[in-house]
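Here are my notes on this one, in the order I would go through them. Have the model open as you read.

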Amino acid sequence: MVSKEMLQLGTNPSAIRDLFEYGNKRKAEIGAENVFDFSIGNPSVPAPDCVKEAVQELLEGDAVALHSYTSAVGDMALRQKLADYVNDTQGTTLSAGNFYITVGAAASLTITLKALAEPEDEFIVFAPFFPEYRVFVEMTGSRLVVVQCDTKDFQIDLDAFEKAVTPNTKGVIVNSPNNPTGVVITADCIEQMCTILRNKQSEYGKEIFLIADEPYRELVYDDVNVPYLMNYYDNTIVCYSYSKSLSLPGERIGYIAVSDKAKDWKLVYASVCGAGRALGYVCAPSLFQKVISRCIGQTSDVNIYKKNRDLLYQALTEYGYRCIKPDGAFYLFVEALEEDAAAFAEKAKEYELLLVASDSFGTPGFVRISYCVSTEQIEAALPAFQKLAEAYHE
Ligand code: PLP
(Lines give C-alpha, C1' and ligand atoms only; values in the text may rest on other atoms or scores of the structure.)
Protein backbone atom coordinates (compact mmCIF):
# COMPACT_ATOMS: atom_id res chain seq x y z
CA MET A 1 0.00 0.00 0.00
CA VAL A 2 2.83 2.39 0.81
CA SER A 3 6.60 2.17 0.32
CA LYS A 4 8.00 -0.21 2.94
CA GLU A 5 11.32 1.67 3.05
CA MET A 6 9.68 5.06 3.55
CA LEU A 7 7.29 3.68 6.15
CA GLN A 8 10.23 2.23 8.01
CA LEU A 9 12.08 5.57 7.92
CA GLY A 10 9.01 7.55 8.91
CA THR A 11 8.19 5.39 11.88
CA ASN A 12 11.75 5.08 13.23
CA PRO A 13 13.04 8.54 14.12
CA SER A 14 16.80 9.06 14.30
CA ALA A 15 18.45 8.47 17.70
CA ILE A 16 19.19 12.22 17.87
CA ARG A 17 15.59 13.27 17.17
CA ASP A 18 14.32 10.61 19.56
CA LEU A 19 16.44 11.97 22.41
CA PHE A 20 15.53 15.55 21.49
CA GLU A 21 11.83 14.66 21.80
CA TYR A 22 12.48 12.87 25.10
CA GLY A 23 14.23 16.06 26.28
CA ASN A 24 11.20 18.21 25.42
CA LYS A 25 8.94 15.85 27.33
CA ARG A 26 11.27 15.77 30.32
CA LYS A 27 11.59 19.60 30.34
CA ALA A 28 7.80 19.89 30.51
CA GLU A 29 7.83 17.51 33.50
CA ILE A 30 10.66 18.93 35.63
CA GLY A 31 11.45 22.35 34.13
CA ALA A 32 13.82 23.17 31.29
CA GLU A 33 16.53 24.40 33.68
CA ASN A 34 16.75 20.93 35.26
CA VAL A 35 17.38 19.03 32.02
CA PHE A 36 20.88 19.18 30.51
CA ASP A 37 20.04 18.68 26.88
CA PHE A 38 23.14 18.08 24.75
CA SER A 39 21.26 16.13 22.09
CA ILE A 40 20.92 18.24 18.96
CA GLY A 41 23.08 20.53 16.84
CA ASN A 42 20.82 23.57 17.02
CA PRO A 43 23.09 26.64 17.14
CA SER A 44 22.77 28.53 20.44
CA VAL A 45 24.57 31.66 19.23
CA PRO A 46 22.24 34.17 17.54
CA ALA A 47 22.58 34.98 13.85
CA PRO A 48 24.78 38.05 13.25
CA ASP A 49 23.08 41.46 13.02
CA CYS A 50 23.37 41.53 9.22
CA VAL A 51 20.64 38.85 9.07
CA LYS A 52 18.09 40.87 11.01
CA GLU A 53 18.99 44.07 9.16
CA ALA A 54 18.67 42.33 5.81
CA VAL A 55 15.29 40.78 6.69
CA GLN A 56 13.94 44.13 7.93
CA GLU A 57 15.13 46.04 4.87
CA LEU A 58 13.89 43.41 2.47
CA LEU A 59 10.45 43.36 4.09
CA GLU A 60 10.19 47.11 3.51
CA GLY A 61 10.84 46.65 -0.23
CA ASP A 62 8.79 45.33 -3.14
CA ALA A 63 6.79 42.41 -1.69
CA VAL A 64 5.96 40.85 -5.04
CA ALA A 65 9.60 40.71 -6.14
CA LEU A 66 10.66 39.53 -2.69
CA HIS A 67 8.39 36.52 -2.59
CA SER A 68 8.51 35.57 -6.28
CA TYR A 69 10.11 32.42 -7.63
CA THR A 70 13.78 32.84 -8.44
CA SER A 71 15.29 30.72 -11.19
CA ALA A 72 15.23 27.02 -10.32
CA VAL A 73 18.96 26.93 -9.57
CA GLY A 74 18.81 30.10 -7.45
CA ASP A 75 19.17 33.80 -8.03
CA MET A 76 21.87 34.67 -10.58
CA ALA A 77 23.24 37.64 -8.62
CA LEU A 78 23.56 35.54 -5.46
CA ARG A 79 25.34 32.75 -7.29
CA GLN A 80 27.78 35.24 -8.81
CA LYS A 81 28.50 36.73 -5.37
CA LEU A 82 29.10 33.25 -3.97
CA ALA A 83 31.50 32.46 -6.80
CA ASP A 84 33.39 35.72 -6.19
CA TYR A 85 33.59 35.03 -2.47
CA VAL A 86 34.85 31.45 -2.82
CA ASN A 87 37.33 32.57 -5.50
CA ASP A 88 38.64 35.34 -3.24
CA THR A 89 38.96 33.18 -0.15
CA GLN A 90 40.02 29.85 -1.69
CA GLY A 91 41.74 30.86 -4.93
CA THR A 92 39.29 28.94 -7.12
CA THR A 93 38.00 30.03 -10.56
CA LEU A 94 34.27 29.34 -10.15
CA SER A 95 31.43 31.25 -11.82
CA ALA A 96 27.71 31.58 -11.08
CA GLY A 97 27.15 28.53 -13.31
CA ASN A 98 28.92 26.28 -10.80
CA PHE A 99 26.41 27.03 -8.00
CA TYR A 100 23.00 25.57 -7.21
CA ILE A 101 21.14 27.10 -4.24
CA THR A 102 19.49 24.58 -1.92
CA VAL A 103 17.45 24.27 1.26
CA GLY A 104 20.47 23.43 3.43
CA ALA A 105 23.13 20.73 3.48
CA ALA A 106 20.65 17.87 3.67
CA ALA A 107 19.21 18.94 0.32
CA SER A 108 22.68 19.66 -1.07
CA LEU A 109 23.65 16.08 -0.23
CA THR A 110 20.50 14.35 -1.46
CA ILE A 111 20.59 16.29 -4.74
CA THR A 112 24.29 15.54 -5.25
CA LEU A 113 23.89 11.84 -4.51
CA LYS A 114 20.85 11.59 -6.77
CA ALA A 115 22.79 13.42 -9.51
CA LEU A 116 25.65 10.90 -9.34
CA ALA A 117 24.13 7.55 -8.42
CA GLU A 118 23.68 4.74 -10.92
CA PRO A 119 22.73 1.11 -10.19
CA GLU A 120 25.43 -0.82 -8.26
CA ASP A 121 27.14 2.37 -7.10
CA GLU A 122 28.84 2.67 -3.73
CA PHE A 123 29.51 5.76 -1.64
CA ILE A 124 32.18 5.70 1.03
CA VAL A 125 31.77 7.46 4.37
CA PHE A 126 34.20 7.69 7.28
CA ALA A 127 32.91 6.57 10.66
CA PRO A 128 31.87 8.14 12.88
CA PHE A 129 29.55 9.91 10.41
CA PHE A 130 26.39 12.01 10.35
CA PRO A 131 23.73 9.25 10.57
CA GLU A 132 21.55 10.68 7.82
CA TYR A 133 24.25 9.77 5.26
CA ARG A 134 22.95 6.22 5.41
CA VAL A 135 19.41 7.37 4.64
CA PHE A 136 20.53 9.74 1.88
CA VAL A 137 22.78 7.18 0.15
CA GLU A 138 20.40 4.23 0.43
CA MET A 139 17.52 6.39 -0.85
CA THR A 140 19.34 6.51 -4.22
CA GLY A 141 19.54 2.70 -4.32
CA SER A 142 23.30 2.85 -3.74
CA ARG A 143 25.33 1.06 -1.09
CA LEU A 144 26.90 2.85 1.87
CA VAL A 145 30.45 1.67 2.52
CA VAL A 146 31.77 2.54 5.96
CA VAL A 147 35.47 3.06 6.64
CA GLN A 148 36.37 3.43 10.31
CA CYS A 149 38.62 6.31 11.33
CA ASP A 150 41.48 5.70 13.66
CA THR A 151 39.88 6.39 17.07
CA LYS A 152 43.10 7.83 18.52
CA ASP A 153 42.84 11.00 16.40
CA PHE A 154 39.78 10.42 14.14
CA GLN A 155 41.81 11.12 11.00
CA ILE A 156 41.19 8.91 7.96
CA ASP A 157 42.66 5.40 8.13
CA LEU A 158 44.25 5.57 4.69
CA ASP A 159 45.00 1.83 4.38
CA ALA A 160 41.42 0.92 5.21
CA PHE A 161 40.24 3.61 2.79
CA GLU A 162 42.38 2.31 -0.07
CA LYS A 163 41.00 -1.20 0.42
CA ALA A 164 37.42 0.10 0.44
CA VAL A 165 37.62 1.82 -2.96
CA THR A 166 36.31 -0.58 -5.62
CA PRO A 167 35.28 -0.31 -9.29
CA ASN A 168 31.78 0.45 -7.95
CA THR A 169 32.86 3.46 -5.88
CA LYS A 170 31.10 6.54 -7.21
CA GLY A 171 31.80 8.97 -4.42
CA VAL A 172 33.38 9.63 -1.04
CA ILE A 173 31.73 11.91 1.51
CA VAL A 174 34.14 13.96 3.61
CA ASN A 175 32.80 15.99 6.53
CA SER A 176 35.37 18.30 8.11
CA PRO A 177 35.02 19.86 10.67
CA ASN A 178 33.25 16.69 11.61
CA ASN A 179 29.95 15.85 13.21
CA PRO A 180 30.22 14.06 15.69
CA THR A 181 33.96 14.35 16.56
CA GLY A 182 34.69 18.04 15.87
CA VAL A 183 37.91 16.91 14.18
CA VAL A 184 39.34 18.82 11.20
CA ILE A 185 41.01 16.49 8.72
CA THR A 186 44.60 17.62 8.15
CA ALA A 187 45.89 18.80 4.78
CA ASP A 188 48.39 15.95 4.80
CA CYS A 189 45.67 13.35 5.29
CA ILE A 190 43.52 14.97 2.58
CA GLU A 191 46.44 14.96 0.16
CA GLN A 192 47.10 11.27 0.73
CA MET A 193 43.41 10.42 0.37
CA CYS A 194 43.28 12.36 -2.93
CA THR A 195 46.38 10.59 -4.25
CA ILE A 196 44.72 7.24 -3.54
CA LEU A 197 41.57 8.42 -5.34
CA ARG A 198 43.46 9.67 -8.39
CA ASN A 199 45.29 6.34 -8.63
CA LYS A 200 42.02 4.45 -8.34
CA GLN A 201 40.42 6.64 -11.01
CA SER A 202 43.26 5.76 -13.40
CA GLU A 203 43.20 2.08 -12.45
CA TYR A 204 39.42 1.77 -12.97
CA GLY A 205 39.18 4.30 -15.85
CA LYS A 206 36.30 6.18 -14.26
CA GLU A 207 35.53 9.25 -12.20
CA ILE A 208 35.20 9.04 -8.44
CA PHE A 209 33.74 12.15 -6.80
CA LEU A 210 34.64 13.78 -3.52
CA ILE A 211 31.59 15.20 -1.82
CA ALA A 212 32.66 17.82 0.72
CA ASP A 213 29.89 18.20 3.32
CA GLU A 214 30.85 21.51 4.90
CA PRO A 215 28.20 23.02 7.15
CA TYR A 216 30.83 23.58 9.86
CA ARG A 217 33.57 25.11 7.66
CA GLU A 218 33.70 28.42 9.55
CA LEU A 219 33.23 26.89 13.02
CA VAL A 220 36.89 26.38 13.86
CA TYR A 221 38.97 27.48 16.82
CA ASP A 222 42.56 28.57 17.35
CA ASP A 223 43.18 29.55 13.70
CA VAL A 224 42.91 26.00 12.43
CA ASN A 225 42.85 25.80 8.64
CA VAL A 226 40.19 23.66 6.94
CA PRO A 227 41.56 22.46 3.57
CA TYR A 228 39.27 23.35 0.65
CA LEU A 229 38.84 20.07 -1.18
CA MET A 230 38.42 21.56 -4.66
CA ASN A 231 42.04 22.70 -4.37
CA TYR A 232 43.19 19.13 -3.73
CA TYR A 233 41.04 17.09 -6.08
CA ASP A 234 39.35 18.02 -9.35
CA ASN A 235 36.21 15.88 -9.18
CA THR A 236 34.89 17.67 -6.11
CA ILE A 237 31.38 18.82 -5.26
CA VAL A 238 30.92 21.05 -2.20
CA CYS A 239 27.70 20.77 -0.19
CA TYR A 240 27.40 23.88 1.95
CA SER A 241 24.81 25.23 4.36
CA TYR A 242 24.20 28.39 6.40
CA SER A 243 22.48 26.38 9.16
CA LYS A 244 25.50 26.54 11.45
CA SER A 245 27.74 29.37 10.19
CA LEU A 246 24.92 31.95 10.29
CA SER A 247 22.77 30.08 12.87
CA LEU A 248 19.91 29.69 10.40
CA PRO A 249 18.99 25.98 10.58
CA GLY A 250 15.27 26.62 10.45
CA GLU A 251 15.49 28.85 7.40
CA ARG A 252 16.82 26.03 5.22
CA ILE A 253 19.39 27.64 2.96
CA GLY A 254 22.69 26.46 1.47
CA TYR A 255 24.26 25.57 -1.85
CA ILE A 256 26.02 23.03 -4.03
CA ALA A 257 29.22 24.08 -5.84
CA VAL A 258 30.46 21.81 -8.64
CA SER A 259 34.18 22.32 -9.27
CA ASP A 260 35.00 23.79 -12.67
CA LYS A 261 37.95 21.38 -12.72
CA ALA A 262 35.70 18.31 -12.52
CA LYS A 263 35.67 16.16 -15.65
CA ASP A 264 32.74 17.31 -17.83
CA TRP A 265 31.68 19.62 -15.03
CA LYS A 266 28.87 21.14 -17.11
CA LEU A 267 27.29 17.70 -17.42
CA VAL A 268 27.73 17.10 -13.69
CA TYR A 269 26.09 20.46 -12.99
CA ALA A 270 23.26 19.64 -15.43
CA SER A 271 22.72 16.40 -13.56
CA VAL A 272 22.58 18.34 -10.28
CA CYS A 273 19.87 20.51 -11.88
CA GLY A 274 18.03 17.36 -12.98
CA ALA A 275 18.23 15.86 -9.50
CA GLY A 276 17.03 19.11 -7.94
CA ARG A 277 14.10 19.03 -10.32
CA ALA A 278 13.32 15.36 -9.71
CA LEU A 279 13.37 15.83 -5.95
CA GLY A 280 11.33 19.04 -6.09
CA TYR A 281 14.21 21.13 -4.72
CA VAL A 282 13.92 24.05 -7.12
CA CYS A 283 14.02 27.73 -6.18
CA ALA A 284 15.20 27.78 -2.57
CA PRO A 285 13.36 30.28 -0.31
CA SER A 286 13.51 33.64 -2.05
CA LEU A 287 13.70 35.80 1.09
CA PHE A 288 16.68 33.91 2.48
CA GLN A 289 18.47 33.81 -0.86
CA LYS A 290 18.41 37.61 -0.66
CA VAL A 291 19.43 37.64 2.99
CA ILE A 292 22.42 35.40 2.28
CA SER A 293 23.42 37.63 -0.59
CA ARG A 294 23.82 40.50 1.93
CA CYS A 295 25.66 38.43 4.56
CA ILE A 296 28.30 36.58 2.56
CA GLY A 297 31.51 36.26 4.56
CA GLN A 298 29.84 36.85 7.94
CA THR A 299 29.41 34.28 10.70
CA SER A 300 27.82 34.00 14.12
CA ASP A 301 30.17 34.63 17.06
CA VAL A 302 32.30 31.49 17.08
CA ASN A 303 34.09 32.57 20.28
CA ILE A 304 31.09 31.49 22.33
CA TYR A 305 31.41 27.92 21.05
CA LYS A 306 35.14 28.01 21.73
CA LYS A 307 34.46 29.08 25.31
CA ASN A 308 31.98 26.21 25.69
CA ARG A 309 34.43 23.75 24.21
CA ASP A 310 37.23 24.79 26.53
CA LEU A 311 35.04 24.74 29.62
CA LEU A 312 33.54 21.34 28.87
CA TYR A 313 36.72 19.70 27.65
CA GLN A 314 38.72 20.80 30.66
CA ALA A 315 36.08 19.78 33.20
CA LEU A 316 35.29 16.40 31.62
CA THR A 317 38.91 15.37 31.30
CA GLU A 318 39.43 16.38 34.94
CA TYR A 319 36.54 14.10 35.94
CA GLY A 320 38.23 11.20 34.10
CA TYR A 321 36.36 11.20 30.79
CA ARG A 322 38.42 10.60 27.67
CA CYS A 323 38.01 12.49 24.43
CA ILE A 324 40.14 14.33 21.94
CA LYS A 325 40.02 18.11 21.96
CA PRO A 326 38.07 19.10 18.86
CA ASP A 327 39.26 21.87 16.55
CA GLY A 328 35.86 22.69 15.12
CA ALA A 329 32.08 22.21 14.91
CA PHE A 330 30.34 22.13 18.30
CA TYR A 331 30.56 18.51 19.39
CA LEU A 332 32.64 16.50 21.83
CA PHE A 333 32.91 12.77 21.15
CA VAL A 334 33.52 11.18 24.52
CA GLU A 335 34.33 7.56 25.35
CA ALA A 336 31.42 5.94 27.15
CA LEU A 337 32.29 4.73 30.65
CA GLU A 338 30.94 1.28 29.84
CA GLU A 339 31.19 -0.81 26.70
CA ASP A 340 27.60 -0.30 25.63
CA ALA A 341 27.24 3.39 24.72
CA ALA A 342 23.43 3.15 24.67
CA ALA A 343 23.43 1.80 28.24
CA PHE A 344 25.79 4.61 29.26
CA ALA A 345 23.50 7.24 27.65
CA GLU A 346 20.55 5.69 29.53
CA LYS A 347 22.52 5.92 32.78
CA ALA A 348 23.33 9.59 31.99
CA LYS A 349 19.58 10.25 31.81
CA GLU A 350 19.36 9.42 35.53
CA TYR A 351 21.44 12.60 36.03
CA GLU A 352 19.25 14.48 33.49
CA LEU A 353 22.15 14.49 31.02
CA LEU A 354 20.99 13.92 27.42
CA LEU A 355 23.90 12.51 25.42
CA VAL A 356 23.60 10.75 22.06
CA ALA A 357 24.97 7.18 21.99
CA SER A 358 27.42 6.75 19.12
CA ASP A 359 25.99 3.58 17.56
CA SER A 360 24.09 5.39 14.82
CA PHE A 361 27.28 7.32 13.95
CA GLY A 362 28.82 3.99 13.01
CA THR A 363 31.46 3.85 15.78
CA PRO A 364 30.33 2.11 18.97
CA GLY A 365 31.50 2.98 22.48
CA PHE A 366 31.17 6.79 22.54
CA VAL A 367 28.60 9.50 23.20
CA ARG A 368 28.22 12.79 21.36
CA ILE A 369 27.80 15.97 23.39
CA SER A 370 26.47 18.96 21.42
CA TYR A 371 27.85 22.00 23.21
CA CYS A 372 25.91 24.52 21.11
CA VAL A 373 24.01 25.38 24.28
CA SER A 374 24.31 28.31 26.69
CA THR A 375 27.51 28.46 28.75
CA GLU A 376 25.22 28.57 31.80
CA GLN A 377 23.78 25.18 30.85
CA ILE A 378 27.25 23.72 30.68
CA GLU A 379 28.19 25.21 34.06
CA ALA A 380 24.99 23.89 35.61
CA ALA A 381 25.56 20.42 34.08
CA LEU A 382 29.13 19.95 35.32
CA PRO A 383 28.17 18.50 38.74
CA ALA A 384 25.95 15.97 36.96
CA PHE A 385 28.85 14.94 34.68
CA GLN A 386 31.03 14.58 37.76
CA LYS A 387 28.48 12.42 39.61
CA LEU A 388 28.01 10.26 36.52
CA ALA A 389 31.76 9.63 36.33
CA GLU A 390 31.89 8.88 40.07
CA ALA A 391 29.09 6.35 39.71
CA TYR A 392 31.39 4.36 37.40
CA HIS A 393 34.60 4.85 39.31
CA GLU A 394 33.15 3.74 42.63
N1 PLP B 1 25.73 17.38 7.36
C2 PLP B 1 26.15 17.37 8.64
C3 PLP B 1 27.48 16.81 8.95
C4 PLP B 1 25.33 17.88 9.65
O5 PLP B 1 25.77 17.86 10.92
C6 PLP B 1 24.06 18.41 9.31
C7 PLP B 1 23.16 18.91 10.36
O8 PLP B 1 23.37 18.85 11.53
C9 PLP B 1 23.68 18.39 7.97
C10 PLP B 1 24.53 17.87 7.04
C11 PLP B 1 22.35 18.94 7.56
O12 PLP B 1 22.39 20.33 7.64
P13 PLP B 1 21.21 21.27 7.17
O14 PLP B 1 20.50 21.72 8.39
O15 PLP B 1 21.87 22.41 6.51
O16 PLP B 1 20.34 20.50 6.25
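1. Phe344, Lys347 and Ala348 of α13 touch Leu388, Ala391 and Tyr392 of α14, where contact means heavy atoms within 4.5 Å. Sorted by class, this contact has 5 nonpolar residues, 1 charged and no polar ones. (Ala, Val, Leu, Ile, Met, Phe, Trp, Tyr, Cys and Pro count as nonpolar; Asp, Glu, Lys and Arg as charged; the others, Gly among them, as polar.) Helices here are DSSP runs of H or I with at least four residues, strands are E runs of at least two, and both are numbered from the N terminus.

2. Bear in mind that this is a predicted model: local features need pLDDT of at least 70 and side-chain atom pairs pLDDT 80 or more, while totals for chains, interfaces and linings use all residues. Residues are numbered from 1 along each chain as its sequence is written, and side-chain values use heavy atoms, leaving out hydrogens and water.

3. On the geometry of that pair: the axes of α13 (residues 341–349) and α14 (residues 375–393) come within 10 Å and cross at roughly 125°. That makes α13 oblique to α14; angles under 35 degrees count as roughly parallel, over 145 as roughly antiparallel, 65 to 115 as roughly perpendicular, and the rest as oblique.

4. Next, the cores. The largest nonpolar core has 65 residues, and Phe126, Phe161 and Met193 have the most contacts inside it. A core is a set of buried Ala, Val, Leu, Ile, Met, Phe, Trp, Tyr and Cys residues joined through side-chain atoms within 4.5 Å. Helix α9 (residues 187–204) gives the most to this core, 6 residues. A second, separate core has 39 residues, including Ala341 and Phe385.

5. Have a look at two prolines. Ala127 and Pro128 are joined by a cis peptide bond with omega about 5°, and Pro128 lies in the loop between β3 (122–127) and α7 (132–139). Another cis bond links Ser176 to Pro177, with omega about -5°; Pro177 is in the loop between β5 (169–175) and α9.

6. Asp264 sits in the loop between β8 (254–258) and α10 (265–279), Glu352 in the loop between α13 and β10 (353–354). At 48% relative accessibility Asp264 counts as partly exposed, whereas Glu352, at 15%, counts as buried. (Buried is under 20% relative accessible area, exposed over 50%, partly exposed in between, with a 1.4 Å probe and protein chains only.)

Definitions and conventions:
Axes fitted to C-alpha atoms, helices over the stretch in contact; angles between N-to-C directions.
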